[in-house]
Amino acid sequence: MTDASTNMRLKLPVICFILEIILIILFGALVEYNYETDAKAWHNKTHSDYDNDFYYRYPSFQDVHVMIFIGFGFLMTFLQRYGFSSVGFNFLIAAFALQWATLMQGFFHGMHHGKIHIGVESMINADFCTGSVLISFGAVLGKTSPVQLLVMAMFEVTLFAVNEFILLTILGVKDAGGSMTIHTFGAYFGLMVTRVLYRPNLDKSSSKNSSVYHSDLFAMIGTIYLWMFWPSFNSAITAHGDDQHRTAMNTYYSLAACTLATYGMSALTAHDGKLDMVHIQNAALAGGVAAGTAGEMMLTPFGSMIVGFLAGVISVLGFKYLSPKLEEKLKIQDTCGVHNLHGMPGVLGAIVGAVTAAVATMDIYGEGMADVFPDVAKGRTASAQGGYQALGLAVTLGIALLGGLIVGFILKLPVFGTPPDTICFEDSIYWEVPGEEEAHEAQMTVMTPEETEKMNV
Amino acid sequence: MTDASTNMRLKLPVICFILEIILIILFGALVEYNYETDAKAWHNKTHSDYDNDFYYRYPSFQDVHVMIFIGFGFLMTFLQRYGFSSVGFNFLIAAFALQWATLMQGFFHGMHHGKIHIGVESMINADFCTGSVLISFGAVLGKTSPVQLLVMAMFEVTLFAVNEFILLTILGVKDAGGSMTIHTFGAYFGLMVTRVLYRPNLDKSSSKNSSVYHSDLFAMIGTIYLWMFWPSFNSAITAHGDDQHRTAMNTYYSLAACTLATYGMSALTAHDGKLDMVHIQNAALAGGVAAGTAGEMMLTPFGSMIVGFLAGVISVLGFKYLSPKLEEKLKIQDTCGVHNLHGMPGVLGAIVGAVTAAVATMDIYGEGMADVFPDVAKGRTASAQGGYQALGLAVTLGIALLGGLIVGFILKLPVFGTPPDTICFEDSIYWEVPGEEEAHEAQMTVMTPEETEKMNV
Amino acid sequence: MTDASTNMRLKLPVICFILEIILIILFGALVEYNYETDAKAWHNKTHSDYDNDFYYRYPSFQDVHVMIFIGFGFLMTFLQRYGFSSVGFNFLIAAFALQWATLMQGFFHGMHHGKIHIGVESMINADFCTGSVLISFGAVLGKTSPVQLLVMAMFEVTLFAVNEFILLTILGVKDAGGSMTIHTFGAYFGLMVTRVLYRPNLDKSSSKNSSVYHSDLFAMIGTIYLWMFWPSFNSAITAHGDDQHRTAMNTYYSLAACTLATYGMSALTAHDGKLDMVHIQNAALAGGVAAGTAGEMMLTPFGSMIVGFLAGVISVLGFKYLSPKLEEKLKIQDTCGVHNLHGMPGVLGAIVGAVTAAVATMDIYGEGMADVFPDVAKGRTASAQGGYQALGLAVTLGIALLGGLIVGFILKLPVFGTPPDTICFEDSIYWEVPGEEEAHEAQMTVMTPEETEKMNV
């Protein structure tokens with residue numbers, strides 16, 4: 001387990017230090033406070049301190065932040081011997097990706113005299129981009145070294161920013177909660193990477209590619225946090241006022257309907273009617289993904305519930321019937337089933353968004369049209385908007401698949417310390433793991449007489 | 001364990017799908033955005049987007065949401081083999097109840113031209129109603145099938161809305177944090193249900209009706225979240241300004257005092273002075289329950305601390321001396337001891353509220369009287385308000401007990417897949433449970449030489 | 001284990017009840033609502049209810065609250081058999097300390113006609129002071145009784161308030177996130193206490209002074225919450241507007257850079273390149289500590305990242321090389337390594353704050369100078385401000401070390417039920433601990449035929 005190729009003693013410090021030093025230099029050269037975080041600029045204008053956007057975005061930011069670090073991190077702790085890596089590598093690549101995303105998105109979102117201006121909104125956007133990387137991480141979970149993951153994050157953040165720029169800026173697509181930019185992109189990118197990294201002998205690690213009782217409970221911490229805060233995620237960067245309020249509410253109802261669909265489908269597809277933790281942990285979240293594009297539109301709670309219900313049904317069916325096929329026929333080893341949680345529900349969300357956009361009318365949106373569909377308010381027809389939304393999905397799929405293909409081959413270079421097929425899904429290859437047995441020993445020594453007696457029976 | 005009666009293969013999907021389809025249809029027919037979530041209505045008025053109530057309620061909503069899904073869900077994971085069900089059924093019935101509560105409360109809170117208007121405040125109210133159902137869930141924990149729980153939730157939400165309507169609208173009772181409407185109602189409803197569902201042979205499952213080391217730690221996640229966010233819970237729907245601020249602060253001090261009382265009482269009532277996790281997990285929260293009615297009043301931190309202290313004392317005494325009696329004499333099998341955490345402290349909170357209302361004067365409240373006691377500001381005497389508060393408690397107890405009685409008998413119908421007495425408190429009856437032993441096996445295979453050596457000693 | 005000296009049956013109730021009764025009496029005599037929480041006072045002025053500071057401080061308060069109760073509490077659950085005490089004593093002493101801190105800080109922050117006025121800002125300050133006590137708790141973790149901890153908290157809160165008064169009020173030092181007042185003070189106070197309480201035979205408990213797999217995962221819950229909400233911590237009581245916004249953002253980047261440094265250093269300093277959970281759980285947070293003073297200044301994200309990076313490097317080196325030396329040579333048994341997470345990074349943060357203050361100019365701060373450096377805006381030179389900042393660090397170290405010395409000797413009095421050297425780091429001395437073995441037994445009885453078969457192989 002300590003053989004040379006997977007030893008991180010030099011590889012990991014070198015990449016961490018080089019990346020961080022590059023980040024620091026680029027931040028020094030390019031990044032400035034925006035006018036809401038700069039002491040001088042803020043006080044140059046006349047306004048109440050309470051008007052600072054901090055008070056209207058920061059609570060959403062913190063909810064998103066919890067989803068990224070607790071939500072994604074703990075969701076992946078379901079594996080019995082990969083908890084340290086799930087939370088720990090999630091932590092590492094997220095901490096890197098959010099810095100790198102600040103630069104990449106700042107570059108594409110528009111520089112100010114050669115400088116990137118940052119504040120709470122750029123922090124949310126950086127966390128969003130990070131989320132996309134963590135989705136891809138789910139596809140390759142257990143089969144990659146931390147160095148591979150940092151390299152993947154570097155490329156994926158860059159491509160994310162390109163794709164986001166094309167959709168939001170060039171095509172004028174709306175995608176506040178990122179059904180396309182975050183979920184579809186992250187899922188198909190990750191699926192392509194894991195396809196390229198296909199391991200024919202992965203079954204040698206199969207005994208560890210499963211959960212134990214308490215690892216499933218840790219994973220539920222992740223699930224529940226993602227579920228609770230998804231309304232904040234989808235509404236975090238929508239326009240202020242009714243938009244943010246409506247988006248949160250639509251997502252809330254979409255998730256609730258999705259949860260009932262998930263429980264029903266999980267029992268229905270089990271031969272003995274027993275619920276499967278994999279479905280509950282994942283498919284119940286598909287309603288949040290599927291409301292990512294249309295959530296800010298006048299989807300209505302009614303529409304949101306239908307979308308959420310469908311997402312839950314599709315997601316459970318995917319876990320049950322499609323994932324085994326993808327592995328067997330297409331050699332896609334998708335550890336967390338991101339295709340079922342982010343891939344298909346993301347595509348569903350994009351389609352729902354396109355349709356909802358295509359039927360938008362002034363009668364429904366009134367003066368609010370300018371917030372939801374600025375291009376429609378300026379003259380683009382609603383059906384054209386719907387068309388651009390659909391085009392956005394196609395572009396996302398194209399960039400994700402092509403990008404994943406190229407990055408997959410880069411990650412195959414035999415210098416990144418990837419684990420052998422026989423020791424995948426295993427923390428002890430990269431972590432000092434404490435011996436579980438010591439616990440029992442320790443217990444014995446402190447047992448009360450009654451307890452000892454009970455043991456002897 | 002897979003015998004026909006408890007098999008959920010058809011029962012659970014049928015009820016999930018039917019309920020969700022009914023919900024979707026009713027939402028389609030009856031529910032509309034309110035003016036703060038509707039694009040057209042919001043933009044018809046002149047105001048800043050920052051005036052949207054989203055910004056003044058949503059952070060409280062999210063704290064309440066965490067209490068409902070993480071707080072209640074994990075609090076109940078203390079059972080050694082019922083963690084999946086505790087978190088998972090909590091998740092399922094909460095997702096259903098919040099949708100159903102939107103309709104029931106919308107119906108009673110006043111329709112607009114035959115439509116229910118919703119926004120963040122209705123989301124908070126729906127979560128509150130859900131909390132009441134989860135309290136009842138605590139009483140029957142481990143002894144009910146998910147189908148029974150959904151049926152119970154359907155009836156309980158309905159009765160909750162009726163009781164709430166009588167108290168808040170007809171009687172003009174104040175109960176912002178729900179000492180009566182949520183805690184007293186949920187507790188006594190659940191206690192009556194569990195009384196009707198009395199299982200004489202439950203001791204056959206007694207080996208599983210207890211905790212293990214890590215299950216107690218998971219439960220503490222629930223406890224601490226409930227404790228931390230209770231100030232947000234009690235203040236989530238009070239009037240804006242001083243009211244919300246004061247309620248949160250009163251609750252904060254009530255909980256702090258309650259915690260010291262709980263630790264003191266737990267050590268005092270143990271024969272060897274050792275702290276009991278059951279008390280810490282539950283009784284330390286009683287201060288939040290007891291501040292649920294008077295928290296928004298001018299109770300003062302001093303008064304809040306006295307109330308919290310008393311609640312902690314009562315709650316520990318209840319766990320220690322009353323619960324065994326209730327089970328033995330009255331045949332009430334109260335798994336989580338909701339009588340001690342929600343029942344008695346809820347009644348205490350109602351009484352404190354009545355007394356505090358009865359002594360309210362303009363000298364203390366000034367112009368703020370209209371926010372705290374609108375009826376008193378309009379002419380009702382303070383002592384009359386106190387009387388109505390007391391009447392509210394009586395009504396709540398009556399509806400809860402009678403409702404619980406009827407619903408208990410409904411749940412006895414032999415079609416809901418309830419577990420046999422011998423396999424209560426056991427996940428594997430409704431869940432695919434991973435084998436714990438595999439973990440140890442897996443560990444062996446990946447053990448380092450030193451570890452193996454250590455084992456052989 | 002149930003010998004008389006450590007029996008808490010009388011000791012713990014007596015101290016809990018006496019302390020709480022004193023608190024209640026003092027609150028009754030001294031504490032009043034401030035004008036934002038008082039019904040009459042608030043309604044005497046003309047303003048919008050939305051102007052209540054509740055809306056601009058409470059979300060930060062709740063994040064801080066989570067750090068205090070979940071963050072600190074779970075961070076310390078890494079010990080295999082001390083999880084109940086870690087979370088539970090953290091809970092107890094925090095609940096006491098926040099009440100006592102309200103009085104002590106209220107006394108020093110200025111009385112109003114003999115009364116202490118409280119609201120959300122005093123709640124945040126009370127939580128901050130509590131944080132300092134919990135840092136000291138980390139140094140003595142596993143080696144102290146709950147009675148000792150309450151006594152320590154009582155004295156430490158008092159000294160904290162004195163030190164804070166000298167720094168903020170007398171010297172005009174800026175320290176919004178408490179690099180000095182919270183972290184440096186708490187760490188060196190705790191280190192001195194643990195030095196005085198030196199246990200020469202602690203190695204007899206060494207088998208329990210370590211983690212197991214799942215205890216490390218519980219600890220990661222604490223770590224991640226502290227990491228995520230540190231931006232809220234540092235910005236919770238800064239001036240509104242750009243200050244709060246900037247502080248949160250600086251802290252965010254400081255932490256991200258610190259995390260990469262921590263992972264790099266952890267692999268680099270391990271002989272086999274494996275990451276050490278102790279480093280990840282602790283050192284990755286040092287960036288938050290080190291940004292505690294300068295975070296509100298115009299440090300820039302660039303500067304914040306350099307500070308965070310250095311803090312991470314120093315902290316890992318401290319865990320690896322300094323802590324063993326401190327124990328061996330100076331007899332400082334620092335259970336959680338608070339010197340590495342709070343001590344050295346706190347001093348670094350103080351120095352960075354002094355330097356950043358010394359180079360402040362009107363050209364950079366503009367009219368914002370009055371918020372960040374009120375004394376400089378009123379005429380003090382920037383370099384004088386830097387000097388006062390440095391003086392603040394010296395005062396803090398002096399009071400912490402001297403205070404810790406005295407309180408350490410008080411805690412040595414043989415009446416507080418301290419555990420013997422042989423049973424440190426062990427819950428069962430103060431808690432009813434469920435038998436782990438019952439779980440396995442229980443499992444056997446509910447095993448499916450396939451599972452039993454598997455076992456027999």
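Copies of a chain are superposed by least squares on the C-alpha atoms of residues with pLDDT of at least 70 in both. The structure treated in this way here is a predicted model.

Two copies of a chain are related by a rotation about an axis and a shift along it. For chain A and chain B, superposition takes a rotation of 120 degrees with 0.0 Å of shift along the axis, and the RMSD is 0.0 Å. Among the residues of chain A, A:Pro59 comes closest to this rotation axis, its C-alpha lying at 3.9 Å. The copies use different surfaces, since 17% of the contact residues of chain A recur in chain B.

Chain B is superposed on chain C by a rotation of 120 degrees, with 0.0 Å of shift along the axis and an RMSD of 0.0 Å. This is therefore the relation of a three-fold axis. In chain B, the C-alpha nearest the axis belongs to B:Pro59, 3.9 Å from it. Only 17% of the interface residues of chain B are also interface residues in chain C, so these copies meet through different surfaces.

Within chain B, attention may turn to a pair of helices. The axes of H6(B), residues 146-170, and H7(B), residues 179-196, come within 11 Å and cross at roughly 140 degrees. Angles over 145 degrees count as roughly antiparallel, and H6(B) and H7(B) are therefore oblique to each other. The crossing of H6(B) past H7(B) is right-handed. Contributors to the contact include B:Leu159, B:Phe160 and B:Glu164 of H6(B), together with B:Phe185, B:Gly186 and B:Phe189 of H7(B). The residues of this contact comprise nine nonpolar, three polar and two charged.

Methods. Residues are numbered from 1 along each chain as its sequence is written. Chains are lettered from A and ligands numbered from 1 in the order in which they are written. This is a predicted model: local features need pLDDT of at least 70, side-chain atom pairs count only at pLDDT 80 or more; totals for chains, interfaces and linings use all residues. Side-chain values use heavy atoms; hydrogens and water are left out. Contact means heavy atoms within 4.5 Å. Axes are lines fitted to C-alpha atoms, for helices over the stretch in contact, and angles run from 0 to 180 degrees between N-to-C directions. Helices (H or I, at least four residues) and strands (E, at least two) are DSSP runs, numbered from the N terminus. Angles under 35 degrees count as roughly parallel, over 145 as roughly antiparallel, 65 to 115 as roughly perpendicular and the rest as oblique. A crossing is left-handed if the near helix is turned anticlockwise from the far one by less than a right angle, and right-handed if clockwise. Ala, Val, Leu, Ile, Met, Phe, Trp, Tyr, Cys and Pro count as nonpolar, Asp, Glu, Lys and Arg as charged, and the others, Gly among them, as polar.
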